[in-house]
Amino acid sequence: MDTLLAIEALSKRFGAIAAVDGVSFKVGRGEVLGFLGPNGAGKSTTMRMIAGYLAPTAGTVQVCGFDVAQDPIAVRQRLGYLPEGAPAYGDMTPAGIMRFVAEVRGLDAEARKQRIGAMVERLDLAGVLGQPIDTLSKGFKRRVGLALALLHDPEVLILDEPTDGLDPNQKHQVRTLLGELSAGKAIIISTHILEEVEAICSRAIIIARGRIVADAGPSELLVHSAHHHAVTLRLAGASLAGARRLLAGLDGVAGIEERATAADRAELILLPKAGVELLDRVRQTLAANQLQVDEIFIERGRLDEVFRDLTKAA
Amino acid sequence: MRAIVAIIRRELAAYFGSPLAYVFIVIFLALAGSMTFFLGGWLERGRADLQGFFNWHPWLYLFLVPAVGMRLWAEERRTGTLEFLMTLPITTAQAVIGKFIAGWLFIGSALLLTFPMWLTVNYLGDPDNGVILASYLGSWLVAGAMLAISAAVSALTKNQVIAFVLAAAACFGFLMSGIEMVQAIFSSWAPEVLARTIADLSLLTTFNQIAEGVIDLRYLILFGSLIVTSLFINVAVVELKKGA
Ligand SMILES: Nc1ncnc2c1ncn2[C@@H]1O[C@H](COP(=O)(O)OP(=O)(O)OP(=O)(O)O)[C@@H](O)[C@H]1O
Ligand SMILES: [Mg+2]
């Protein structure tokens, strides 16, 4: 794999606070890395150091083989960065600021026109091109920020909460866009939306208090969820009491959760002991006792549960 | 260079796209004009020159230039756009120079708009246009020095009001350092050489010399070094305070 971003023992202290504390990872071409962590975990601080805005207290960042400390301009030429909150000059229009960035980045007239056109189309900016950024809604501001980060078609993308404030259609559109772009690039997105990680990330890093607590593919992370391969049954009240009694005692069941879904219907969730596949046993038990179920399915696991477990204050 | 030009263009667009430009220009013209006529007694003097007009410039700049300079960096830091700007492929020096040049051109354009004064004296009499040209240059240099000082001060804080007050105070110091009162304070304890240097640093005495048509290389060096030093400090402060 072609490594585009390499971070080595990166740390940042603000006085007594260790905002980032010895973070190391590599991101290769084609990877979309989800960067997760509770508020204040150090996600934005890490991203700022990658973009060369903050100088690390210790450690190194290399983008496409260039060291951020030695060669900041070479790094920034290859990097698209969306800062947290998508700051942009409020008195400028999206058209004006895109033009400014294209000029600073040295795109010639032809490339400028073509790239700005592509961004306007992909991020649906046509309707607001002439409106001062100050007067745009939050979602449109974010989209302008994304357009600025993507304008020069960089190899490495660092996006701090790119879908924050977007409507569901736009979220979907941005995810699709990032998915399409991902083949030739290394992308890091920070997000608090865990379903996004499952939707577009090939890998997730969870940090807490400045340190990496997990670095794995989303499906590997799900293995650690108590709901990983849990069996969920939806059934009518008549069968409920029997099912509850029989299944609670079933070998391999670690616990049962119950949730009423209507007056006479409920959902039973059977949590398996580690490594146990419950579905066949449950089916057999139900059949043997002639219990009727409306629905039965296996859960993949819940990322929010894994997230909570890993980031709980130690 | 390309980056500096892009920044200058953006900044100029920002000046002329905002009320600041018009407020600045109108106030500058109104005050410069009225001070010349009412306080300077231009008409009574009965002489066709612009001395009475240029004399007021340093005092107008004292609060107008910090008003231009205060937003240069303080606003970028407050709104977070500094992070956007400083993660583009430009050096801090390019950003500092671009912003400074744009501000200086902007003030220069306000200065140019006083050309009716020049037309008037030429209509009324036969002034020494060389001296007038020198005065315009001197006035613009004073504005440039004050702008560079204000910009450096602006990088110290997120708060524009603080930036304004500190910048005005710093400009006042540089303006007055040749005035006898200030000199007396220094000469009471500082060695002769230092006292002389401080006197030489005075923007006001230098400007007055230039406005009388004396253009000495030393004066240009004074303005040049003041501007360059301030911009150096500006770069250092931006770098230092970037992430704080
Ligand atoms: N300029 C600063 N000065 C002092 N402390 C700072 C500064 N910037 C960040 N911090 C601290 O560093 C820690 C990490 O902050 P950071 O913004 O990286 O968190 P985050 O993971 O991005 O959080 P969020 O999810 O809320 O965006 C926090 O404790 C924060 O208070
Ligand atoms: Mg953050």
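**Largest cavity**

I looked up which residues line the largest cavity of this predicted model. Chain A supplies Leu79(A), Tyr81(A), Val101(A), Arg105(A), Leu148(A) and Ala149(A), and chain B supplies Phe84(B), Thr87(B) and Leu88(B). I took a cavity as a set of points, on a 1 Å grid over the protein atoms alone, where a 1.4 Å probe fits but cannot get out; lining residues have an atom within 4 Å of a point. The volume is about 80 Å³, meaning the space filled by probe spheres set on the points, with points joined across faces, edges and corners.

In chain A, strand 6 (79-82) and helix 5 (138-150) each give at least two residues to this lining. Helices (H or I, at least four residues) and strands (E, at least two) are DSSP runs, numbered from the N terminus. I sorted the lining by class and got seven nonpolar, one polar and one charged residues. Here Ala, Val, Leu, Ile, Met, Phe, Trp, Tyr, Cys and Pro count as nonpolar, Asp, Glu, Lys and Arg as charged, and the others, Gly among them, as polar.

**Second largest cavity**

How many cavities of 30 Å³ or more are there? I found two. Strand 6 and helix 5 of chain A each give two or more residues to it, and helix 5 gives the most, with three. By class I noted eight nonpolar, one polar and no charged residues.

**Magnesium ion**

Which protein donors does the magnesium ion (ligand 2) have? They are Ser44(A) through OG and Glu84(A) through OE, at 1.9 to 2.3 Å. Ser44(A) sits in helix 1 (residues 43-50) and Glu84(A) in the loop between strand 6 and helix 3 (94-104), 40 residues apart. Donors are N, O and S atoms within 2.8 Å of the metal (3.2 Å for Na, K and Ca); water is not among the atoms, so the site may look incomplete.

I also checked accessibility, with buried under 20% relative accessible area, exposed over 50% and partly exposed in between (1.4 Å probe, protein chains only). Ser44(A) is buried at 12%, and Glu84(A) is partly exposed at 36%.

**Cysteines**

I counted zero disulfides over all chains, a disulfide being a pair of cysteine sulfur atoms within 2.5 Å. For Cys64(A), the nearest cysteine sulfur is that of Cys201(A), 20 Å away. Cys171(B) is buried at 0%.

**Conventions**

Residues are numbered from 1 along each chain as its sequence is written, chains are lettered from A and ligands numbered from 1 in the order in which they are written. Local features need pLDDT of at least 70, side-chain atom pairs count only at pLDDT 80 or more, totals for chains, interfaces and linings use all residues, and side-chain values use heavy atoms, with hydrogens and water left out.

Note on methods
1 Å grid on protein atoms, 1.4 Å probe; cavity = no way out; pocket = protein on both sides within 12 Å on 5 of 7 lines; lining within 4 Å.
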